[in-house]
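Subject: The structure I promised you

Hi,

Here is the structure we talked about. Have a look at it first, and then read on for what turned up in it.

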Amino acid sequence: MVTFCVRRQLLLRKERTVWLELLHCRGCTNAGAAFDETDHMGTVMKLCSDRHYIAHDHHTPKRIRRGISCVYGPLGMELRKNILDQWWSSMVTTRPQVFGINTLHGFRGGSVALERTLKLIDTEALHQALRQGEMTGKSKGDALQKLLQGSVSMRTSLLQGALEQYIASLELVNRKLPFGLAETGLCYQLPEDQPGELDCPSEVMQASLVWFCSPRTSSQWLDYWARQRLQWWRKFALGPSSFSCSDVTVGEEGENVKRGIKVLYQFPWGSEALETLWNLGNTELLQIHMGSQAKLQCRDGKRSVVPHVISVSGNIDRGVQAYLHNSLQEVKKVDNRQRQHMRKVLKLHPSLTPVKVAVNMGKGATSDLRQVCESLLQELLDGGISSWPGHLESTSPSSEQLKYDEMGVLFTVVISDSTLESGLVQLRSRDTTIKETMHISEVKNFLAKYIAAAENV
């Protein structure tokens, strides 16, 4: 299959690719040493590469030139999953008026959004249309146009799927406003750098809430959701002040848009939108359901109205980038020989950090200590606490600890000879570097309570 883009009335908003271009510069050139370790951004990018947040392969330079989303390593994938889980919990699980849905990646027919449309076309059907020897140029153009019209469009946002499911969802709420439909999933976008040429679509993980409300309260609901979303992004941030909101002028994303708000993060190259909220009115809803107002009406008190639509759309991939940049802390440290070192710590929020605890092995009988480590590791994993098998590594304890700090590991548990004798282990905190001693039987409960407390702050 081959993907084509068809330009309609408005090009997709340009996605900055500076982060990705810098992040993958080691994959694009041989200038690995070009990272400036004194520069915070360079340190973030090197750490992401070295600590399994971003994966590299031979396609990386091509992806970067085309602006395609980065390829995640194991820790990056887990970080994105944790952000999605927290988003879902905040927007769906704890809200009785919001329902989760799942829509297809492709659809037939037109899109409600005025944007470039991605089409999925069978290459064999395309070859047949082009091989018609007796066809004139106009006839071939008509054949291609017919082929495009009958092909599947790939979604560039999650809005249309929610609007299509609106009528079917009315029974869930007894036709009473307000309520919302939420979804997370991959969407396909194109960079604007070369809008006149065919290009490869990038995959973007989006999180979407489509909120249906009374026309008389739609403006208040937009403000409410903007406050909620900014508060949510700041909740998990080491530096909350880097997150902000900005109003969007009327008509920036299309002539039917009434008002918009963007949740922004301040990157070194400028502010980027993590989430965009729009008061769309009811134009798109009427358009997709062919103007059948009777079927669309809901109860607003004693009145029947066609609801207005508030669209909340988040770019989770950009959220991953924002939290990685925001969470890195560099601390000067002086060793025993009075030499200064820069300690790099990825202080991701306890709810987001991919690895909560590393199980390490101190000095002692290797086989016995390894057995205890494996037993504790399995107990933690069975309890839903993501853990790292540090006892399988052969580097020195000090080197391992530096690595764990850069990975964002919350705690390190060290099993030693004293554990075999008394059951006591040493527990080191990433954020305070304080080492505590506790019984091995208490480790699981301590970590579970710590993580739960962090989520409820």
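One definition before we start: two rings of Phe, Tyr or Trp (for Trp, its six-membered ring) count as a pair if their centres lie within 6.5 Å. With that in mind, look for the cluster that ring pairs build from Trp232, Trp233, Phe236, Phe243, Tyr265, Phe267, Trp269 and Tyr323. Please remember that this is a predicted model.

**The whole chain**

The protein chain contains 17 helices and 20 strands. It has 457 residues, and 47% of them count as buried. Among the contacts with a separation of 6 or more, 68% are between residues 24 or more positions apart.

**The aromatic rings**

How many aromatic pairs does the rule give? The count is 18. Take Trp87 and Trp88: their ring centres are 6.3 Å apart and their planes make an angle of 40°, so this pair is tilted. Is Trp87 buried or exposed? Its relative accessibility is 0%, so Trp87 is buried. Trp88 has a relative accessible area of 27%, and is therefore partly exposed, since that class lies between the limits of 20% and 50%.

Trp232 and Phe236 make another pair, this one edge-to-face, with 5.3 Å from centre to centre and 70° between the planes. Both Trp232 and Phe236 are buried, and both belong to the cluster I mentioned above.

**Helix 5 and helix 10**

Two of those tryptophans turn up again where helices meet. Helix 5 (residues 74-93) and helix 10 (residues 218-235) have axes that come within 12 Å and cross at roughly 145°. The crossing is right-handed. On the helix 5 side, the residues involved are Ile83, Gln86, Trp87, Ser90 and Met91, and they meet Trp225, Arg229 and Trp232 of helix 10.

**Helix 14**

Which residues of helix 14 are buried? They are Leu369, Cys373, Leu376, Leu377 and Leu380. These residues lie on the same side of helix 14, because they cover an arc of only 105° around the axis. The face turned away from that buried side carries the exposed residues Ser367, Gln371 and Asp382.

What do the buried residues of helix 14 pack against? Their partners are strand 16 (357-361), strand 17 (387-388), strand 18 (411-415), helix 16 (417-422) and helix 17 (443-455). Just after helix 14 you will find Gly384, which has a positive phi of about 80°.

**Helix 17**

Where do the two helices touch? Leu376, Glu379 and Leu380 of helix 14 meet Val443, Lys444 and Leu447 of helix 17. The helix axes are 10 Å apart at an angle of about 35°, and this crossing is right-handed.

Cheers

How values were computed: Residues are numbered from 1 along each chain as its sequence is written. This is a predicted model: local features need pLDDT of at least 70, side-chain atom pairs count only at pLDDT 80 or more; totals for chains, interfaces and linings use all residues. Side-chain values use heavy atoms; hydrogens and water are left out. Buried means under 20% relative accessible area, exposed over 50%, partly exposed in between (1.4 Å probe, protein chains only). Helices (H or I, at least four residues) and strands (E, at least two) are DSSP runs, numbered from the N terminus. The arc is that of the directions from the helix axis to the C-beta atoms. Contact means heavy atoms within 4.5 Å. Rings of Phe, Tyr and Trp (its six-membered ring) pair if their centres lie within 6.5 Å; planes under 30 degrees apart count as stacked, over 60 as edge-to-face and the rest as tilted. Axes are lines fitted to C-alpha atoms, for helices over the stretch in contact, and angles run from 0 to 180 degrees between N-to-C directions. A crossing is left-handed if the near helix is turned anticlockwise from the far one by less than a right angle, and right-handed if clockwise.
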